[in-house]
Amino acid sequence: MAEPSSRVESTGDSIANALREDILSGRLRGGDRLVEETLAKQFGVSRIPVREALTRLQSEGFVRIVRHKGATVSETMLTDGRELLQIRRGLEVLAAQLAAQNRGGAVSGELAGIVEDEAATEDHSPFHELVATASGNRQLVELLASVNRRVHWGLGHNPVASMGDHRILAIAILNGSVVQAGYLMDEHLQRDERYFSEKFELEGDA
């Protein structure tokens, strides 16, 4: 088993962050065991925050916990991540199309602010939350939130490119351009999928 990087942490969240970083960096690999007692000693805490961290990482798809056997790093994390990204893209395209039908709906003012102020597009996640809200579909908002919780940590994006993408997407939505909004969102998120494939060297990706 690869040794996780050494850190002293005091909460479940900080331990989860440290372990997640070790998994994404390759210091911990699929199938490696994550023993609560060992991790508690390493981080200088009781087993309770370690258990909380492992449960959180399981919900994100990084860890697999089997009753009476304990926790291991997920061996299907990369495949799961790729599949979740494909699901997310489909949901995000639908959200953009519905948002355009609504011309921004209840958040048209916030979307207009993005068009007028490019600096407002720097944060990736809130923009996509705005689009989901603009769709007016509560079930879609919840589905996207659930998927995004699992894919967020494995992703990266070019902030400068995202700024431009978000602005033209906001324009398409406010103009009611349903087809264009869907197309632009699809192109925008394919960039994340390409990044993911290149980062983890997944076979079979274009």
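Colleague: Which residue forms a salt bridge with Arg20, the closest N and O atoms being 3.0 Å apart?
Modeller: In this predicted model, Arg20 sits in helix α1, residues 12-25. Its partner is 40 residues apart from it, in the loop between α3 (47-59) and β2 (63-66). The pair thus links distant parts of the chain, and the partner of Arg20 is Glu60.

Colleague: Is Glu60 buried or exposed?
Modeller: The cut-off for buried is under 20% relative accessible area. Glu60 has 8% relative accessibility. Because 8% falls under that cut-off, Glu60 counts as buried.

Colleague: Arg56 and Glu60 also meet in a salt bridge; how does Arg56 count by relative accessibility?
Modeller: The N to O distance of the Arg56 and Glu60 pair is 3.4 Å. The relative accessibility of Arg56 is 26%. Buried requires under 20% and exposed over 50%, so at 26% Arg56 counts as partly exposed.

Colleague: Which residues are linked with Arg20 in a network of salt bridges?
Modeller: Arg20 bridges to Glu60, and Glu60 also bridges to Arg56. Asp13 belongs to the network as well. The residues linked with Arg20 are therefore Asp13, Arg56 and Glu60.

Colleague: How many residues apart are Arg89 and Glu193?
Modeller: The side chains of Arg89 and Glu193 meet in a salt bridge, at 2.4 Å from N to O, and both residues are buried. Arg89 lies in helix α4 and Glu193 in helix α9, so the pair links distant parts of the chain by definition of these helices.

Colleague: How many salt bridges does the structure hold?
Modeller: The pairs include Arg20 with Glu60, Arg56 with Glu60 and Arg89 with Glu193. The count for the structure is 12.

Colleague: Are α4 and α7 roughly parallel or roughly antiparallel to each other?
Modeller: The two axes come within 10 Å and cross at roughly 150 degrees, in a left-handed crossing. Residues that meet there include Leu84, Leu91 and Leu98 in α4, and Leu140, Leu144 and Val147 in α7. Angles over 145 degrees count as roughly antiparallel. The relation of α4 and α7 is therefore roughly antiparallel.

Colleague: Which residues does Val131 touch, not counting those up to four places away in sequence?
Modeller: With residues up to four places away left out, its contacts are Ala95, Ala96, Ala99, Ile173 and Met185.

Colleague: How far apart in space are Val115 and Leu169, C-alpha to C-alpha?
Modeller: Val115 is found in helix α5 and is buried, with a relative accessible area of 18%. Leaving aside neighbours within four places, Val115 is in contact with Arg167, Ala170, Ile171 and Leu174. Val115 and Leu169 are 54 residues apart in sequence, and in space they are apart by 9.0 Å.

Notes:
Residues are numbered from 1 along each chain as its sequence is written. This is a predicted model: local features need pLDDT of at least 70, side-chain atom pairs count only at pLDDT 80 or more; totals for chains, interfaces and linings use all residues. Side-chain values use heavy atoms; hydrogens and water are left out. Contact means heavy atoms within 4.5 Å. A salt bridge is a side-chain nitrogen of Lys or Arg within 4 Å of a carboxyl oxygen of Asp or Glu. Helices (H or I, at least four residues) and strands (E, at least two) are DSSP runs, numbered from the N terminus. Buried means under 20% relative accessible area, exposed over 50%, partly exposed in between (1.4 Å probe, protein chains only). Axes are lines fitted to C-alpha atoms, for helices over the stretch in contact, and angles run from 0 to 180 degrees between N-to-C directions. Angles under 35 degrees count as roughly parallel, over 145 as roughly antiparallel, 65 to 115 as roughly perpendicular and the rest as oblique. A crossing is left-handed if the near helix is turned anticlockwise from the far one by less than a right angle, and right-handed if clockwise.
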